[in-house]
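Here is a quick briefing on how some side chains pair up in this protein. Have the structure open while you read.

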Amino acid sequence: VIKGIFSNVSTIYSFHSRFLLPDLENCIMHWDESPSLGKALLQHAPFLRMYADYIRNFDRAIELVRTWTERSSAFRNVIHDIQSQEMCGNLTLQHHMLEPVQRVPRYELLLKDYLKKLPEDNPDYELANKSLEAISMAATHSNSAIQKAENLKRLLEIYEMVGEEDVVNPTNEFLKEGRLLKLAARNTSAMERHLFLFNNFVLCCSAKFSLVGQRFTVRCRIGVDGMQVQQTTNEDHPYTFQVSGKEKTLELQARWLHTIDVFQKKNETFKLASKDLNTKEPAKELGRRAPRWIRDNEVTLCMTCQEPFNALTRRRHHCRACGYVVCWKCSDNKVALEYDGNRLNKVCKACYSVLAGQRAERMDRKKRRMLESEVYPESQNSVLSGFLQYGDSSMTWRQAWCVLSETDPPFFHMYNTPQVRNRSRPMALTLSWVTVGSGLPATSLRVWKILLFCSRKNLRK
């Protein structure tokens, strides 16, 4: 407990009594000859950073004194006896504990006043300026330590409330929390939620009953990377905004919307959406980001086939890729969506054609790379690879598989093209190669020119 109260104050005292105080006393003794406060403080300024540990522990130390004063009569009597001594000046222990916290800022103020009265041509003027810079850095270091300690303390408190272990991470910075309303995706109902805003993610939680203090259940977590925030208009609920992340899209109501606006201007990872809310997601984002659902009461017709909805034969369904409201006939397809962990989800016909085409294209590329790696081993670790035409004259062109290797020095490989029926197994290939930069044969030189023309950007990389 004693160590928890006083931290490293004995080290600080030893530094002052053995080093800094003798130099300051010597400076005062020879003040009339030449003021040298800047010189005296300059060599000791870096050691003032040791105050950071004491300052970081200060709140905990004060709490320990309070707790043990209430809990233990023996502890309380010892503290009272010490505080009643004449050398304590009728001041409490807490008052004396505050002195080291204020020490570094006092050195900073002392040097500022010293520089105001010191002529600029004095030999100590430049040294005093350097001392002021070093002590200011020490003060900043102490303030940073306080902020980090307070942030970690708050992260621990939030962890106890939500139970998410990765909340307690030094890279997380808590920004804001507050109660708000989450508007339902399908209808106009609203549910109360508690939002925790961090520098790299947002936690949307619901309150739950607990006998040991406030507790929350995490409903969803949205990463800030790629997040889009846009103010929305809602007749039933003012001050609404949409938070669209890769994992989920929420429409919320809160009067502290300006907090996100301010943070958005400071952090490049927040991107303000400029698109209309009823516009389909761009093809490149389709399936990668959770869409905003169009509410049921906003449409009366299927947004694909334009047929009217009814409760029996044509019910409403939401496309999980674009958020459109469609009938069952227009949502009778399922496809894996990246934002939902590549699980199968219902999507409309238009989204299915796009996503299925992208999936087929990815599979085709993957299959092609596998075939190329089997037939052309050098293609696995290459800068560029592909088919090119070569020949000694424009009338007789032949096809070759060409590879520019990543080795140092790089090599340019030319393979004879195998027959399709032989691609299922490795085969012996004729290989002609040249070191890039050396004299090239006429046949290879023409291929090299084509390669350079087609892939200048990749070659620069």
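**Charged pairs and rings**

Arg106 comes out as partly exposed, its relative accessible area being 39%. Its salt-bridge partner is Glu99, with 2.9 Å from N to O. Glu99 is partly exposed too, at 25% relative accessible area. Keep in mind that this is a predicted model.

**Salt bridges**

- Side chains of opposite charge can pair when their charged atoms come close.
- The count of salt bridges here comes to 8.
- Arg154 makes one of them with Glu177, and their closest N and O atoms are 1.9 Å apart.
- That pair links distant parts of the chain, since Arg154 belongs to helix H8 (residues 123–162) and Glu177 to strand E1, 23 residues apart.
- Glu177 counts as partly exposed, at 26% relative accessibility.
- Arg179 and Glu192 also meet in a salt bridge, at 3.9 Å from N to O.
- Arg179 is in strand E1 and Glu192 in strand E2, so this bridge ties together parts 13 residues apart in sequence.
- Both of these residues, Arg179 and Glu192, are exposed.

**Aromatic rings**

- The model has 6 aromatic pairs.
- Phe15 and Phe47 make a tilted pair, with 5.8 Å centre to centre and 35° between the planes.
- Phe15 sits in helix H2 (residues 9–29) and Phe47 in the loop between helix H3 (37–42) and helix H4 (51–56), so the pair ties together parts 32 residues apart in sequence.
- Phe15 is buried at 7% relative accessibility, whereas Phe47 is partly exposed with a relative accessible area of 46%.
- Phe174 and Phe198 pair edge-to-face, at 5.8 Å centre to centre and 70° between the planes.
- Phe174 lies in strand E1 (residues 174–183) and Phe198 in strand E2, so to speak two distant parts of the chain linked across 24 residues.
- Both Phe174 and Phe198 are buried, and together with Phe201 they form one aromatic cluster.

**Charges over rings**

- Arg154 turns up again here, lying over the face of Phe174 at 5.2 Å from the ring centre.
- The charged end of Arg103 sits over the ring of Tyr107, 5.9 Å from the ring's centre.

**A buried charge**

- Arg193 is located in strand E2 (residues 190–198).
- Leaving aside neighbours within four places in sequence, Arg193 has contacts including Gly178, Arg179, Cys204 and Arg219.

Technical notes: Residues numbered from 1 in each chain as written. Predicted model: local features only at pLDDT ≥ 70, side-chain atom pairs only at ≥ 80, totals over all residues. Heavy atoms only, no water. Helix = DSSP H or I, 4+ residues; strand = E, 2+ residues; numbered from the N terminus. Contact = heavy atoms within 4.5 Å. Phe/Tyr/Trp six-rings, centres within 6.5 Å; stacked < 30°, edge-to-face > 60°. Buried < 20%, exposed > 50% of the residue type's maximum accessible area, 1.4 Å probe, protein only. Lys NZ or Arg CZ within 6 Å of the ring centre and 35° of its normal. Salt bridge = Lys/Arg side-chain N within 4 Å of Asp/Glu carboxyl O.
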